[in-house]
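Please look over the sequence and the model shown here, and then read the report on a few of its packing features that comes after them.

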Amino acid sequence: MALVLGIDSSTQSTKALLVDADSGHVIEERRGAHPDSTEVDPRVWSAVMDDVIGPLLPRADAVAVGGQQHGMVALDAQGAPVRDALLWNDTRSAGAADDIVSELGGPAAAVRATGSVHVASITSTKLRWVRDNEPENASRIARVVLPHDWLNHHLDAAGGWFTDRGDASGTGYFSPEKDGWDERLAVQALGHDFARPTIAHRPNAVVGETSTGAVIAPGTGDNMAAALGLGLAEGDMSVSVGTSGVAAMRADSVARDETGAVNGFADATGRWLPLACTLNASRILDFGCMMLGVDYDQLSELALRSVPGARGAVFVPYLDGERAPNRPTATGTLHGLTRQHRREDIARAVVEGLLCSLADAVSFVEAAAGRSADRLLLIGGGSKSAAVRELAPMVFGLPIHVPATAEYVALGAARQAAWALSGAQEPPVWQGPALALMEADHAPEVLEHYRKVRG
């Protein structure tokens, strides 16, 4: 039995799955925590990964990494980090993003050049911030990679640098027209050119080999890996409630959204993955629990005791600023409170605020893709919340399919590793996840009121 190893290196942790390459059955799972920060020494990720995969890698015939997108890993000429990596959710480069968009000629020109309107999450904006605020560090930067690229290099016995179209498309210096790097955009961001990983244009390519003899697949960004792990089909929209909230839909051509809400990313199969990402998702539930002094189950129980619309209370959950819509300096706000409100209404407002924010993301992707989703699949740690599952169809106005809980990023990475191992034209066909169907009466006034309040 051939075994493959799928690794998910996310903002919060590393997860690894050892998987049967033929069936997709998970044999063993391990995980380790990351620091809770928006800037991290990338050597921490490789140390955590080594610990997590230590007992698993010698058993694997192939391996792939799905990593958090956008993180700026800036290296000197010797390959050492110049500074801590700036992660996707670090918003200090919001002004730099505006500057780059302006220099390119506005949002439409930015979309033509990169597939996306630059926001603070995009790698090139972080490079511009370093150029403007840390010129000595900027002058030392000789190579820039993404978190999953850094881990690929660490895994490869030969020390190669390689990436894939999916993760590369989130840097701000990948050109959809060229389907590859654009040196001009790289130089514009940092002020001088720098080495970039080789892009594997075949998603089933073998790009390296570990010291244990496992072949290394290109890997990809976490959102692309999740789509591959889910087996996202035409017309499916995945809605992930993780650290970030992500709505994504597979497409055959790059999406071009001049509002900046939707990124025209590539996927991990040679196609495209229009995607809207919110900065705030499962941590909204964390915040609600903290404010009310309850655990997650109790937050759900409270929320479900209230009524649609939370008796007029509206929570706009931009606790860490926001990316979709692009409001990097925004804060969370609770509107419409009166003496009639009780704890259950506040809990309900928190959950509805999360879902309304995700509904915005879904509508942005549908507009960019030029079609409505046929099916919504709710995934991510936050989807375990009973209130999130039960209230989602009320807010979205569609039945919600909730796949069985699984580590879909790591599973997608494992599927890519199995694909590279086989050399087949298409990824292996694994049995899809079991789906729970959630239905509820649509309450359109909830989203309408939310949108009036958030403006």
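The model is a predicted one, and its helix 11 and helix 12 pack with their axes 7 Å apart at an angle of about 100°. Because angles of 65 to 115 degrees count as roughly perpendicular, helix 11 and helix 12 are therefore described as roughly perpendicular to each other. The two sides of this contact are set out below.

| Helix | Residues | Residues in the contact |
|---|---|---|
| Helix 11 | 296–305 | Leu299, Leu302, Ala303, Leu304, Arg305 |
| Helix 12 | 343–369 | Arg343, Glu344, Ala347, Arg348, Val351 |

The residues of the contact of helix 11 with helix 12 comprise six nonpolar and four charged ones, with no polar residue among them.

An open sheet of seven strands shows mixed pairing and runs in the order 18-19-17-16-22-23-24, and its edges are formed by strand 18 (263–266) and strand 24 (435–438), each of which pairs on one side only. From one strand to the next, the twist averages 30°. Strand 23, covering residues 400–403, pairs with strand 24 in the antiparallel sense over four bridges, and Pro403 stands opposite Leu435 of strand 24.

Across the whole structure, a search finds three cavities of 30 Å³ or more, and the largest cavity holds about 50 Å³ of space. Its lining is made up of Trp88, Thr91, Val119, Ala120, Ser121, Leu279, Glu322, Arg323, Asn326 and Pro328, which divide into five nonpolar, three polar and two charged residues.

Conventions: Residues are numbered from 1 along each chain as its sequence is written. This is a predicted model: local features need pLDDT of at least 70, side-chain atom pairs count only at pLDDT 80 or more; totals for chains, interfaces and linings use all residues. Side-chain values use heavy atoms; hydrogens and water are left out. Axes are lines fitted to C-alpha atoms, for helices over the stretch in contact, and angles run from 0 to 180 degrees between N-to-C directions. Helices (H or I, at least four residues) and strands (E, at least two) are DSSP runs, numbered from the N terminus. Angles under 35 degrees count as roughly parallel, over 145 as roughly antiparallel, 65 to 115 as roughly perpendicular and the rest as oblique. Contact means heavy atoms within 4.5 Å. Ala, Val, Leu, Ile, Met, Phe, Trp, Tyr, Cys and Pro count as nonpolar, Asp, Glu, Lys and Arg as charged, and the others, Gly among them, as polar. Two strands pair if DSSP finds at least two bridges between them. On a 1 Å grid over the protein atoms alone, a cavity is a set of points where a 1.4 Å probe fits but cannot get out, and a pocket is an open set with protein on both sides within 12 Å along at least five of seven lines; lining residues have an atom within 4 Å of a point. Grid points are joined across faces, edges and corners, and a volume is the space filled by probe spheres set on the points.
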